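Got a protein model open and wondering where to start? Let's walk through it with a few questions and answers.

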Amino acid sequence: MKKPLIIDRSQDERFMREALELARQGVALGEVPVGAVLVLNGEIVGRGFNCPISRHDPSAHAEMVAIRAAAETLANYRLPGSTLYVTLEPCSMCAGLIVHSRIQRVVYGATEPKAGVVVSRGQFFAQEFLNHRVLIEGGLLAEECGAVLSEFFKARRGKG
């Protein structure tokens, strides 16, 4: 029997702010500022920010880095009962990993009109063929999450 997920909405903003701080760390490396934290039982078990450029790894999205860190921390490739907080709507690659790792809930900030697959470019998590269902909540601190990205790209365009 599955353990019910207890959602403490008072913690959601705190964890999303942690993800925002991680996104800002990526800016220092010239990475697109997306941050993610994975939480289990009220504790952060994985952190990550986008780092495909600095790691020479096209899969090093914030979600991937946070999920890999959590799996290593917990010594388990499955992460049931966990919540992933990410500043940007996940892409298809990350959405697949979220399902395979059995994350129970995803909370994201800004939508990603070009590649987001939660609401922007389809509804990946609603597909009938999936063998795991994920609870999704979008729009938490969306303006702040979007502003970090907008400022990054504005600064980048100003240089080029």
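## Finding your way around

Q: Where is His61 placed?
A: Keep in mind that this is a predicted model. Helix H2 covers 52-55 and helix H3 covers 62-74, and His61 sits in the loop between H2 and H3.

Q: Which residues does UniProt give the feature "binding site"?
A: The label comes from an unreviewed UniProt entry. Though the residues it marks are spread over 34 residues of sequence, they cluster in space, with a largest C-alpha distance of 9.3 Å.

Q: Is His61 buried, partly exposed or exposed?
A: Buried needs under 20% relative accessible area, and exposed needs over 50%. His61 comes out at 22%, so it counts as partly exposed.

Q: What about Cys94: is it buried or exposed?
A: Cys94 belongs to helix H4, residues 92-100. Its relative accessible area is 0%, and the cut-off for buried is under 20%. So Cys94 is buried.

Q: Which residues does Cys94 touch, not counting those up to four places away in sequence?
A: Look from the His61 side to begin with: His61 touches Asn50, Cys91, Met93 and Cys94 under that rule. Cys94 has its own list, and that list is His61, Glu63 and Met64.

Q: Which residues of the largest nonpolar core touch the most other members?
A: This core has 43 residues. Among the elements giving two or more residues to it are helix H1 (9-27), strand E1 (35-40) and helix H5 (142-159). The residues touching the most other members are Leu38, Leu84, Ile98, Ile103 and Phe125.

Q: How far apart are the end C-alpha atoms of H1?
A: H1 has 19 residues, and at 1.5 Å a residue it should span 27 Å. The model agrees with that, because the end C-alpha atoms are 28 Å apart.

Q: Within what arc do the buried residues of H1 fall?
A: The buried ones in H1 are Asp12, Phe15, Met16, Ala19, Leu20, Leu22, Ala23 and Gly26. Look down the axis of H1 and you'll see that they line one face of the helix, because they fall within an arc of 160°.

Q: How far is Ser54 from Gly30 in space, C-alpha to C-alpha?
A: Ser54 is in helix H2, and at 36% relative accessible area it is partly exposed. Leaving aside neighbours within four places in sequence, Ser54 is in contact with Leu29 and Glu31. Gly30 is 24 residues away from Ser54 in sequence, while in space the C-alpha to C-alpha distance is 8.2 Å.

Technical notes: Residues numbered from 1 in each chain as written. Predicted model: local features only at pLDDT ≥ 70, side-chain atom pairs only at ≥ 80, totals over all residues. Heavy atoms only, no water. UniProt positions renumbered as here; feature names shortened; annotations may be inferred. Helix = DSSP H or I, 4+ residues; strand = E, 2+ residues; numbered from the N terminus. Buried < 20%, exposed > 50% of the residue type's maximum accessible area, 1.4 Å probe, protein only. Contact = heavy atoms within 4.5 Å. Core = buried A, V, L, I, M, F, W, Y, C linked by side-chain atoms within 4.5 Å. Expected span 1.5 Å × (residues − 1). Arc of directions from axis to C-beta.
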